[in-house]
Amino acid sequence: MSETAAHLVDRIIPDVPMRQWVLTVPQPLRYLLSYDTELCSVVIKEHIRSVFAWLLQKAKSELGLASVTLAHPGAVTALQRFNSAAALSVHIHALVTDGVFVAKEDGTSVAFRALPAPTHAEIASVAWSTCQRVVEHLRREGRFTDAESTDALAQDEPGLAQCYSGSILGILTLGPKAGTRVVRLFGQAADESPTKPKAAHGFDVHAGTRVSADDKKGRERLCRYLLRPPLSQDRLTRLLDGRVQLRLKRPWRDGTTHMLFEPLDFLSKLAALVPPPRAHLVRYAGVFAPNHKLRAHVVPAPPLDENTPCIHATDEPSPASTKRRQSWAQLMARVFEKDVRQCPRCGKGPMQTIAVITQPLVIRKILESIGMPADAPRPYPARLPVQAELEFSA
């Protein structure tokens, strides 16, 4: 999460305002998207086309352009498969430029032009446009029908299909209580959310989050939000009776604050959140696409290399880095703003390794001299895994 977010803000997204467009789809479509990667690509493409179409028309009217072909937006999309209750809920987060890039007459440079924020009516129009495009595709493929159609996943992987459907519907998948609702704990109900655009037959679009051009840390935090994992261990508790308690990020409207799962059923919920193999979860569109003609004029230059060892102060800049991967120390410095590598003498560069100590006696003396335990903690005794039989219905 942190490494990809750093890559996006350092090498992909320039210093321009960005707006998050979130698309949620109806429950039946979520089930199809959970295993059909080609359909995921279609929905992402149609959603971005709808957002870009609104941006281009807005740019033409606001900026007085002769043609929409002169304007070029950009987007980074992330596919998420979960909600705060650890349920399967495939939806799309798109980080889109809050404006367009306009190429200058010489064709060698571009200028960014910001646009006004979308109104509720304009967001609703984007939702309707996405709905119509996706439904039209489903009709062409013969998959938009009220009649019962063939479930490809249930035929190939019946157990996984049951995990998917149970997670989407919020019911138990395994055990004697399979088919019943997940146990909930209630508290104080959440406040009513502000008025949002009405969903278009289950296609709901939200575009209320924006980051300004000079807020690079805000862009990186938003990228981490798009790329975050399904669960935080801080919200999980193992109860004395063995059940798993999941605390919601915020109470629901009906007052639900926690979910209770049997251990085996909780594993089935986690299995549903694993994406299919070889599925791209992060994609680029518009000027951020790899083959776009203006991409080289838009993306920022690679940052300076921070891995050069430093023993004393120097004013000479380091060469630009071509590495994609970052060390744990670099990521810790970006996330926690604590650089453990910083040279205490000059304060400008990372420290240099001067010795590698492998002798146990020397290591013990060093640890004892600084007041740290010198003995390794005892491992827990190994035990054989318990054989379990999964009670999937036929």
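**Exercise 1. Find where His137 sits in this predicted model, and decide whether His137 is buried or exposed.**

Solution. Start with the location: His137 is part of helix H4. Next, check the accessibility. The relative accessibility of His137 is 15%, and the cut-off for buried is under 20%. His137 therefore counts as buried. Finally, look for its partners. Leaving aside residues up to four places away in sequence, His137 touches Leu39 and Val42.

**Exercise 2. Work out how H3 and H4 are arranged: what angle do they pack at, and which residues make the contact?**

Solution. Pick out the two helices: H3 covers residues 37–63 and H4 covers residues 120–140. Their axes lie 9 Å apart, and the packing angle is about 140°. Now classify that angle. As for handedness, the H3 and H4 crossing is right-handed.

Then list who takes part. From H3, the contact includes Leu39, Val42, Trp54 and Lys58. From H4, it includes Glu122, Val126, Arg133 and our friend His137. Sort all the contact residues by type and you get nine nonpolar, five polar and five charged.

**Exercise 3. Explain why helix H2 is described as largely enclosed.**

Solution. Count first: H2 spans residues 27–35, and seven of its nine residues are buried, so H2 is largely enclosed by the rest of the structure. Name them next: Leu29, Arg30, Tyr31, Leu32, Leu33, Ser34 and Tyr35. Last, ask what does the covering. The cover over these H2 residues includes helices H3, H4, H5 and H6, along with strands E3 and E4.

**Exercise 4. Describe helix H10: which residues are buried, and what covers them?**

Solution. Find H10 at residues 328–336; its buried residues are Ala329, Gln330 and Leu331. Among the things covering them is helix H1, residues 2–12. Now step just past the end of H10, and you reach Glu337, which has a positive phi of about 55°.

**Exercise 5. Zoom out to the whole chain: how many helices and strands are there, and how much of the chain is buried?**

Solution. Tally the elements: there are eleven helices and twelve strands. For burial, 40% of the 394 residues are buried. To finish, take the contacts between residues at least 6 apart in sequence: 69% of them join residues at least 24 apart.

Definitions and conventions: Residues numbered from 1 in each chain as written. Predicted model: local features only at pLDDT ≥ 70, side-chain atom pairs only at ≥ 80, totals over all residues. Heavy atoms only, no water. Axes fitted to C-alpha atoms, helices over the stretch in contact; angles between N-to-C directions. Helix = DSSP H or I, 4+ residues; strand = E, 2+ residues; numbered from the N terminus. Left-handed = near helix turned anticlockwise from the far one by under 90°. Contact = heavy atoms within 4.5 Å. Nonpolar A, V, L, I, M, F, W, Y, C, P; charged D, E, K, R; others polar. Buried < 20%, exposed > 50% of the residue type's maximum accessible area, 1.4 Å probe, protein only.
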